[in-house]
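Thanks for coming, everyone. Please have the sequence and the structure open while I talk.

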Amino acid sequence: MNFEGKDIISIKDFSKREIDYILKYAKEMLPYADGEKFKDVLKGRILSTLFFEPSTRTRLSFESAMNRLGGRVIGFADPMGTSQKKGESLADTIRMADAYSDAIVVRHSREGAARLAAEFADAPVINAGDGAGRHPTQCLLDLFTILTEKKRIGKNKVVLLGDLKYGRTVHSLAYALALYGAELTFVSPTSLRMPKEVVEECKELGVEPVQMSSLEKAVRDADVLYVTRIQKERFPDAEEYNRVVGSYRVDNELLSNAREDLIVMHPLPRVSEIDPEVDKTSHAVYFKQAFNGVPVRMALLSLVMGGRL
Ligand code: CP
């Protein structure tokens, strides 16, 4: 399978066979991701990380992934320190990154920004999150985590909880889980339900998601509980946010009714939707999930830049 030069904009651009291939390669990357082994397959290559929106995990894990493979990184974490402040367009910024590097990672608040960026770059463009749109590399690391922890992706009962309207990670993940035939239950405040087009995508793949209002009931026989933060920064007005803030919380009392092998995932950052007391339980896998960003992104960088293990 050849991914050299391929843009990674949406998980929908990949077949199930291609996703399986990436996840298998990511597993091979594990000893390189934690520093146990080293091979500089991307020596001499440069990655641009262009973050027009804040990030901790996505930016740092991409940069770690590139460094772990012997490559170098240029970029910015705050567009106000760039010529965007002087009015430069996204297209021209992308043209510059294309001239200076071999692959471009871009996060932007505008849905469709990564797809637009790909039109202005010859180098592969990787979408690191575009507004409330898609976050394909998060999706791949989420699938990798489910596969590692549960030994399968399909045949799991997965509950997606929280801000399903603005949370881009759950848009990509719902589609991908449906591709694998997982059972999906959506739990959210009424105003933050999963967009209809994502529900339709799942149905087209043969999966009919169940919308449930009771988190207690949903969690009872779930294999995976995927929690998301309410995306305050995407609300058009503060009043809408104030109506839903604090409307759900995962704590040990809730989990006392769950299966012993339930895993709790979260793309992070969390605010108050998971009580820190959950961190010490065997259910919590969200920090491992965040680490998995490194092997998965190493696999992707290696594949799109053509530097194989
Ligand atoms: N999960 C995720 O995208 O985290 P960051 O916003 O910190 O990159």
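This is a predicted model: local features need pLDDT of at least 70, side-chain atom pairs count only at pLDDT 80 or more; totals for chains, interfaces and linings use all residues.

Every value I quote is computed from it.

Start with the whole chain. The protein chain has 12 helices and 9 strands. Its C-alpha trace spans about 55 × 45 × 40 Å along the principal axes. How does the radius of gyration compare with that of a compact globule? For 309 residues, a compact globule would come to near 19 Å, and the protein chain has 19 Å, so the two agree. Buried residues make up 56% of the 309 residues. Now the contacts. Take those in the protein chain with a separation of 6 or more: 73% of them are between residues 24 or more positions apart.

Next, the strands. Look at S1, residues 46-51, and S2, residues 72-76. They run parallel, and 5 bridges join them. One of the partners to find is Leu47, which is bridged to Val73 in S2. How does the chain get from S1 to S2? It passes through helix H2, residues 57-68, and this β-α-β crossover is right-handed.

Now move along to S8, residues 224-227. This strand has a parallel neighbour in S5, residues 157-161, with 4 bridges between them. Strand S9, residues 263-265, also runs parallel to S8, joined by 3 bridges. Leu161 stands opposite Val227 in S8. Leu225 stands opposite Val264 in S9. Which way do the side chains of S8 point? Val224 and Tyr226 go one way, Leu225 and Val227 go the other way, and all of them are buried.

On to the rings. A pair of aromatic rings is described by the distance of the centres and the angle of the planes. There are 6 aromatic pairs in this model. Take Phe52 and Phe76. Their ring centres are 5.2 Å apart and their planes sit at 85°. Edge-to-face needs an angle over 60 degrees, so this pair is edge-to-face. Where do the two residues sit? Phe52 is in the loop between S1 and H2, while Phe76 is in strand S2. They are 24 residues apart, and the pair links distant parts of the chain. Both Phe52 and Phe76 are buried.

The second pair to look at is Phe235 with Tyr241. Here the centres are 5.6 Å apart and the planes are at 80°, so this one is edge-to-face too. Buried or exposed? Phe235 has 10% relative accessibility, so it counts as buried. Tyr241 has a relative accessible area of 15% and is buried.

There is also a ring cluster. Ring pairs link Phe3, Phe14 and Tyr21. Phe14 has a charge over it as well: the charged end of Lys6 sits over its ring, 4.9 Å from the centre. Another charge over a ring is found at Tyr25. Arg308 lies over the face of Tyr25, at 4.7 Å from the ring centre.

Now a few single residues. Leu254 is in helix H10, residues 252-255. Its relative accessible area is 7%, so Leu254 is buried. What does it touch? Leaving out residues up to four places away in sequence, Leu254 touches Leu215, Glu216, Val219 and Arg249.

Next, the backbone. Leu268 and Pro269 are joined by a cis peptide bond, with omega about 5°. Pro269 is in the loop between S9 and helix H11, 286-291.

Last stop: two lysines. Lys151 is in the loop between helix H5, 136-150, and S5. Lys155 lies in the loop between H5 and S5. Phi of Lys151 is near 65°, a positive value in a residue other than glycine. Phi of Lys155 is likewise near 65° and positive. How accessible are they? Lys151 has a relative accessible area of 66%, so it is exposed. Lys155 is at 74% relative accessibility, so it counts as exposed.

That's the tour. Questions, please.

Note on methods:
Residues are numbered from 1 along each chain as its sequence is written. Side-chain values use heavy atoms; hydrogens and water are left out. Two strands pair if DSSP finds at least two bridges between them. A crossover is right-handed if, with the strands pointing away from the viewer, the path from the first strand over the helix to the second runs clockwise. Rings of Phe, Tyr and Trp (its six-membered ring) pair if their centres lie within 6.5 Å; planes under 30 degrees apart count as stacked, over 60 as edge-to-face and the rest as tilted. Buried means under 20% relative accessible area, exposed over 50%, partly exposed in between (1.4 Å probe, protein chains only). A charge sits over a ring if NZ of Lys or CZ of Arg is within 6 Å of the ring centre and within 35 degrees of the ring normal. The radius of gyration is taken over C-alpha atoms; the globule rule is 2.2 Å times the number of residues to the power 0.38. Contact means heavy atoms within 4.5 Å.
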